[in-house]
Amino acid sequence: GADPAPAPLSPRAGGKPRVAFYWNASCGGCEEAVVDLGDGFAGLLERVEVVLWPVATDHKRADVEALPDGGIDLAFVNGAVRLDEQEDWARLLRRKARTLVAFGACAHLGGVVGLGNLSEPEALLEAAYRAPPSVANPDAPLPGGPVRVDGAALSLPVLLPRTLTLADVVPVDYTVPGCPPSPAVVQAALDALLGDAPPPRGAVLAPD
Ligand code: SF4
């Protein structure tokens, strides 16, 4: 049968619902879609406590890891999953968030990033990092390759064999469709999820 409707996101004692925004393999348009709420954006910031938003706040991965499991009330993740680092973020946010939203077509279905599944990974790397005349240093390390940062030997994130959706990696509670979701769709989704009667889990949050 259908999943029961979840409990409303009641504010924490003396506080507001904790909300995270994160981007995986994304063009940034879904981030822009949140800012495009206009007055609704200011209203959002009054209603919630933002605990992660890489384009707007200085929170680090360690800040998220320090939260208790379930310590984020609502996490919006846009972008497909194309790197091992993004897979790790998806699992981390699934563990920390009571409610996880696949935000936008790339997180939902693979979107533009999913077109990469028409080619083998080696061909993608060649086309993106080696062949274009605009590539200044064709010997620069590729995804998965070694780099030195502040003297430390590190590895770049590894390209996965294929593009994954968010739901390919972790269970997803809701989907917000669109490329990017329009301001009306984003506002309706926020109102639904932050309201007193959230929709049943598994819902695609699009206005009629
Ligand atoms: Fe960009 Fe569209 Fe993907 Fe959002 S769904 S990250 S706007 S390509």
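Here is a walk through the chain, from its overall build to its core and its ligand site. What you have is a predicted model, where local features need pLDDT of at least 70, side-chain atom pairs count only at pLDDT 80 or more, and totals for chains, interfaces and linings use all residues. Residue numbers start from 1 along each chain as its sequence is written.

Let's start with the build. The chain comes to 9 helices and 9 strands; these are DSSP runs numbered from the N terminus, with helices (H or I) of at least four residues and strands (E) of at least two.

Now the inside. Of the 208 residues, 34% are buried, meaning 20 or more other C-beta atoms, placed from the backbone, lie within 10 Å of their own. The largest nonpolar core has 44 residues, and Ala20, Tyr22 and Leu93 are among those with the most contacts inside it. Such a core joins buried Ala, Val, Leu, Ile, Met, Phe, Trp, Tyr and Cys residues through C-beta atoms within 7 Å. Beyond four places in sequence, Ala20 is in contact (C-beta atoms within 7 Å) with partners including Val51, Ile72 and Leu93.

Finally, the ligand. It is surrounded by 13 residues, and Cys27, Gly29, Gly104, Cys106 and Cys179 are the closest; near here means a C-beta atom, placed from the backbone, within 6 Å. Helices H1 (29-35), H5 (105-109) and H6 (111-114) each supply at least two of the shell residues.

Methods:
A residue is buried if 20 or more other C-beta atoms lie within 10 Å of its own, exposed if 12 or fewer, and partly exposed in between; C-beta atoms are placed from the backbone. Two residues are in contact if their C-beta atoms, placed from the backbone, lie within 7 Å.
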